[in-house]
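Colleague: Could you take a close look at one part of this model with me? I would like a connected account of it.

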Amino acid sequence: MAQGSQYGSYRGRKPVGKVLLAIILILVIAVSGLFMFLQRYMVYDENGNLKLELPGRDGDQISPPKPPVSSEDITIIIDRKEPEEPQMPELPVEPPPAPEVRGVLLLADTPLTDWAAVCEELPEDISGVCLTVKDADGIVYVDSQAAARLSRRIMSLKSTTERAVADLTETESLHTIARITCLLDPKVPILDVRALGVRQRTGYLFYDDTGASWLDPTKDSVRMYLTGLARECAEMGFDEILLSHVSYPISGELDKINYGENPKEENLADFVQAVRDALTGQNVRLSLELPAEVILTGGNEAAGQSLKVLAPLVDRIYTETTAADAAMLAELVKIAAPETDFAAIVADAEGIATDYLLTGQS
């Protein structure tokens, strides 16, 4: 039987080019590695010729790697300059003189009925008396036609009050002060909200966080009432009219208040000027009570109070403070208004709320 042709397994011809390429790549890699290894030992001599200095020649040895340096082995030297001594501001040769101290009795917020009885109990160091004519509750304690035109219900009097007030103001040995709480008033605004009260933009009466209402200093009726009351006090014979609470509210939803077209500080300044104008021809001083913070900072934006605007309009600025701070506050007032005096209301040693010592220029 004839046998078919048998073929061995065919392996094909090896690609000689690929073998040579592999050998060349191996050589290139080897030469590159060798060059990189020897590069650290290649140096130039003084003639600029490159030469190879292998380790071990001429006694040269490769230095072993240095161990890492710990923080304990490091010494830090800081060249620190000596600080310069601070320059102290130059102080005035003499401190501002302490204001003259004079005792003034602030009578209680009640109708005055018997001045002779009060006068008998006055301490010897008292040189003045301050009578509250209108208090922070809106009550008037003198017989006032200006108040009566609004409502007699806002007055608190006794049958002997008019005579007692006359006896007080006729006491020549005492300086008499009539204190009027001006714009803080929980009673009068409700008599005629539109003509008297500080209102919201919606037209409703504004109440602060204490539930109190305020008089609007821009309203003609308000100015007629308060300037009339001040003039009546001057005609009664008081030596000084002290205005307190010449301010807008500082608590409550202040963003709802309708302040009018003019700035608040301008409205208050116009009001104080109106009082001064009403006192023209009267032998009386006009004073203004301000918070100590207004004197220290120069003003209160919410209240509309500005020291430099209000102080020049009056003869004296009063503030409740301590005896230690009186001289400093007096200097600040003098800077804002050189012609205006200063008086600090300082509680007496017993802390009686209705008995104060007033320190200030006579």
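Does lysine 264 count as buried or exposed, and at what relative accessibility?

Modeller: Happy to. This is a predicted model, where local features need pLDDT of at least 70, side-chain atom pairs count only at pLDDT 80 or more, and totals for chains, interfaces and linings use all residues. Residues are numbered from 1 along each chain as its sequence is written, and side-chain values use heavy atoms, leaving out hydrogens and water.

Lysine 264 counts as buried, at 14% relative accessibility (buried is under 20% relative accessible area, exposed over 50%, partly exposed in between, with a 1.4 Å probe and protein chains only). Its side chain meets that of glutamate 301 in a salt bridge, 3.5 Å from N to O (a side-chain nitrogen of Lys or Arg within 4 Å of a carboxyl oxygen of Asp or Glu). The pair links distant parts of the chain, 37 residues apart: lysine 264 is in helix 7, and glutamate 301 is in the loop between strand 8 and strand 9 (helices are DSSP runs of H or I, at least four residues; strands are runs of E, at least two; both are numbered from the N terminus). Glutamate 301 is exposed, at 64%.

Arginine 276 is partly exposed at 27%, and aspartate 315 is partly exposed at 22%.
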